[in-house]
Amino acid sequence: MAKQRQSGIVGAAREVSQAQGKFIDYGGQFMTGYNKSLETKKKKEAENKETQARVNNLMGQFKNDIDVLKFKPEDQTLVKNTVTQWRNGYAEAANAASKIQDKSSKAYQEQVDIMNDYKNRMVNLKGNLDNLAAFKGEYKNNIDAGHYSNAGANSMSLAQGETMITNPIGSINDSGDLVWGPGTGSVREGFSFQDYQMPFEKATGLATALGDIAGNIRKQTTPLDDLQKREIEEKVDSLISNPKALASLISDSDLPAFDFSNIDPDDPNAKEEVRNLLISSIYKLQGSGVVKPKTPATVDKSVGIRPEFEMSYNQMLDLEDKILNSPIGPGGRLDISVANANKVWSVGPKDKPSQIRVKIDPKTKKWVYFDASSNVRAEYNSIEDLTSAYPTLFFK
């Protein structure tokens, strides 16, 4: 029995000893796996933080300085929705780019190109919106002042300008340009802000220059020689070389002394017709503005004064007497305190009385004569001299 128990004890010990030699530490294995999982987690978190930092850095390059609130309600929604759509597209590209480690790769460059495209859109949109606001003010002021030419070549520009002033923006394209569709306002075809051409203004400078040439020729006493005629032709050719200025000259009646009513600005021969009309008319004006002295006796003023100017003529004589006898003040300045000293009389034809105007200049004490139809201005020492030069102005 003892032997059996010993044998049992020995066997048990042997079994324990054998079991201890083969023990597996499952707890230790779990901790090892857990630690590796924590390392992976921390590594991914660090990578995500880096990714987010790169995304945030890229998103910071998407500049949005458009003040939506300054637009009309109908434009606010369009601009806001467009900017939001572009920002989302930019964010997608930025997120994709942040995950690409190789910054020199084609895939990374593709995302950069997409982001640059959205940034360029924003820059263009901001510029177009600012310029549209400035345009509206400038266009309205020029319309109110009557600066734009009424020539047919201005029709599209004027219609498109009116459309942009009176209608909301139709759409915004992928380049950041503002678009108005066909049939909007008074336009038949759609157009964009970038393609818009401002209307050209009236050619007042051209009209003035031509008027000066004509005025000088009117005062020339000797006939024009070939050299003078050639100079006139060259000046005229240079002045009418601009097609827009030519169209304005024909259409806007800024030079009433010349009749362009029978010339079509769209006619290919319009420039040649205008040139010939101007040159021939200027030639004919030679000497027409020369004052030829006449004695008062050439007209019987005592009985031949025109009834409608009798009061005006007497007023002129009275004003002339007062101004001519006004004293000289300190510093050689005229001491004038005469009523109606700056009065202007309109003595033109009955249908256009303001065409010819006369007044006395209180400073020079000379009478000034101006004919708007021919752009002629002349000065005379007295009303007597003026009426001698133009006897039929006041007298029959």
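In this predicted model, D117 is partly exposed, with a relative accessibility of 33%. Its side chain meets that of R121 in a salt bridge, with a distance of 3.0 Å from N to O. R121, in contrast, counts as buried, because its relative accessibility is 12% and the cut-off for buried is under 20%.

A second salt bridge joins the side chains of E233 and R275, at 3.9 Å from N to O. Here the pair links distant parts of the chain, as E233 lies in helix 7 (residues 226–239) and R275 in helix 9 (residues 270–285), 42 residues apart. Is E233 buried or exposed, or does it fall in between? With 27% relative accessibility, E233 counts as partly exposed.

Another salt bridge brings together the side chains of R377 and E379, with 3.4 Å between N and O. R377 has a relative accessible area of 46% and is partly exposed. E379 is partly exposed too, at 38% relative accessibility.

Which residues form a network of them? K70, K126 and D130 are linked in this way. How many salt bridges are there by the rule used here? The count comes to eight.

Note on methods:
Residues numbered from 1 in each chain as written. Predicted model: local features only at pLDDT ≥ 70, side-chain atom pairs only at ≥ 80, totals over all residues. Heavy atoms only, no water. Salt bridge = Lys/Arg side-chain N within 4 Å of Asp/Glu carboxyl O. Buried < 20%, exposed > 50% of the residue type's maximum accessible area, 1.4 Å probe, protein only. Helix = DSSP H or I, 4+ residues; strand = E, 2+ residues; numbered from the N terminus.
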